[in-house]
Amino acid sequence: MASGELNIVVLGGSAAGLGVSHYLLKHYIPKLPKDNGRYKIILVNPSEKFFFRIASPRASLGEKHIPSEKYLFDLKEGFKEYPPDSIDFVKGKAISLEYESCTVTVQATDRSNTTSQIPYYALVIATGSRAQESWYHQSGTTEEVKASFADYQNRVKDAKSVIISGGGPVGVETAGELGELKNGSPGWFSSTPAHKTTDITLYSGGERLLPTLRPAIGQTAELFLRRLGVDVVHGLRFTSTSKAANGKTVVTFSDGSTKEVDIFINATGVTPNSEWLPSELRDAKGFVKTNKQTHRVDDAGPRVYAVGDVSGVGNRTAMCINDAVPAASTNIGRDLEAAAKGLAKPEGPDRIFKLNEKETMVVPVGKSKGVGAYNGTRLPSFAVWLIKGRDYLTSLAGGTLDGSSFKKESKWTPDVV
Ligand SMILES: Cc1cc2nc3c(=O)[nH]c(=O)nc-3n(C[C@H](O)[C@H](O)[C@H](O)COP(=O)(O)OP(=O)(O)OC[C@H]3O[C@@H](n4cnc5c(N)ncnc54)[C@H](O)[C@@H]3O)c2cc1C
């Protein structure tokens, strides 16, 4: 840290890292006393682009489905409203955390691979999660995302058989997009596609699709998928895959049966990007041991926080991050204010994060239909199309990039705990 600089290092430039950076720059950093030093955000991300991964089930199929300018954005563009000396960008990956000395080691994601140590005054871990398939996330550079999209499109083009594993929203969305692309929509008086070219089967791995929603919604998703030529199988899980000599994938299931397909897609959840952290800060599943109310990482010393998918707080959705950002950022801001006054902790109670547990999920099934619920109310297919199906929420990505979704400081009343 240059003398007089107080680095707030934010690791990860996606929903959580961008949200906290903007919230602090808008609502806390301008209010902090200047005499202790200059507060500066240092945003570390492996790519100079923000990847709006929510769009990936459709965007991965090519530019004509969703053009890349709708889901890949220059990070710097999102911060141009702030004084230039209030934020620095580092293109790299955190590879270790030395919390006793308050430094993070970062490796550049260019050809040099050079490492550097960045000292921090406050640290926000927002390194997110990666899905099982590389086209659903950006854990490295944007070139890697583009290459995985191109590879996927190549394989999809000639595929005659596809198995998708995972009955959650990503599996259903992927099956819907592939079904419509390869088999088309059904004719007016038909319940199956007129020109089926590809056998596509979705294995839910459980008893129904979309298990966090009421059963009737999963049943409607299944009906819509069948209209796109997608078969749905319940009660079987894949246990392993291997490559056959002919280049196909052999999928083995929990009952010992096997199937050979052109493409196997694993849509069964995510893994936190946390391997670079000391083991004592990670739980058994790899999530950061985060205080679920305050987002502090209490075991890592003062002013260390985790937000978003990597934190294990909430339900690993961007919607949940929208509620987590104000809570976490308020606690970070108040900790900084307290430290500036020489206090060990803020006066009064912390801002407590609360997960909205009402039935909420919006799942397009192809380009014109979809299922879902919002705050406990079931949504008709047309509403799902209007909210998400027509553009995969890409119209909201700009608000994440430039922080306009957090323009106003959200009000809170301290809880009596
Ligand atoms: C296919 C798909 C569809 C989804 N659809 C929806 C939806 O419709 N609605 C919804 O609410 N949620 C949805 N989600 C979930 C949502 O995308 C995530 O909850 C959200 O992206 C998590 O944001 P994040 O900032 O925590 O992490 P991520 O989005 O995972 O971003 C983490 C960032 O950190 C970077 N990073 C990784 N490792 C390091 C490191 N070591 N050092 C520095 N930076 C690093 C990554 O490159 C990335 O930029 C979907 C997820 C997937 C996979």
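In this report, Ala, Val, Leu, Ile, Met, Phe, Trp, Tyr, Cys and Pro count as nonpolar, Asp, Glu, Lys and Arg as charged, and the others, Gly among them, as polar. The structure described is a predicted model.

**The shell around the ligand**

The ligand is surrounded by 32 residues, the closest being Ser14, Arg53, Gln138, Asp309 and Lys388. By class, the shell consists of 14 nonpolar, 13 polar and five charged residues. Several elements supply at least two shell residues each, namely helix 1 (15–27), strand 2 (38–45), helix 2 (56–59), strand 5 (87–98) and helix 6 (318–340). Helix 6 gives the most, with three residues.

| Residue | Protein atom | Distance to a ligand oxygen atom |
|---|---|---|
| Threonine 317 | backbone N or O | 3.5 Å |
| Alanine 318 | polar backbone atom | 2.9 Å |
| Lysine 388 | polar side-chain atom | 2.4 Å |

On its own, the ligand has 1000 Å² of accessible area, and the protein covers 91% of this area.

**The cavity**

Rolling a probe the size of a water molecule over the atoms shows where empty space is left. How many cavities of 30 Å³ or more does a search of the whole structure find? The search finds one. The largest cavity has a volume of about 50 Å³. Its lining is formed by His295, Gly308, Asp309, Ser311, Val313, Asn315, Arg316, Thr317, Cys320, Ile321 and Ala324. These lining residues divide into four nonpolar, five polar and two charged.

Key. Residues numbered from 1 in each chain as written. Predicted model: local features only at pLDDT ≥ 70, side-chain atom pairs only at ≥ 80, totals over all residues. Heavy atoms only, no water. 1 Å grid on protein atoms, 1.4 Å probe; cavity = no way out; pocket = protein on both sides within 12 Å on 5 of 7 lines; lining within 4 Å. Points joined across faces, edges and corners; volume = space filled by probe spheres on them. Near = heavy atom within 4 Å. Polar contact = N/O pair within 3.5 Å; in protein donor to acceptor, adjacent residues only side chain to side chain. Areas by Shrake-Rupley, 256 points an atom, 1.4 Å probe, with all protein chains shown as cover. Helix = DSSP H or I, 4+ residues; strand = E, 2+ residues; numbered from the N terminus.
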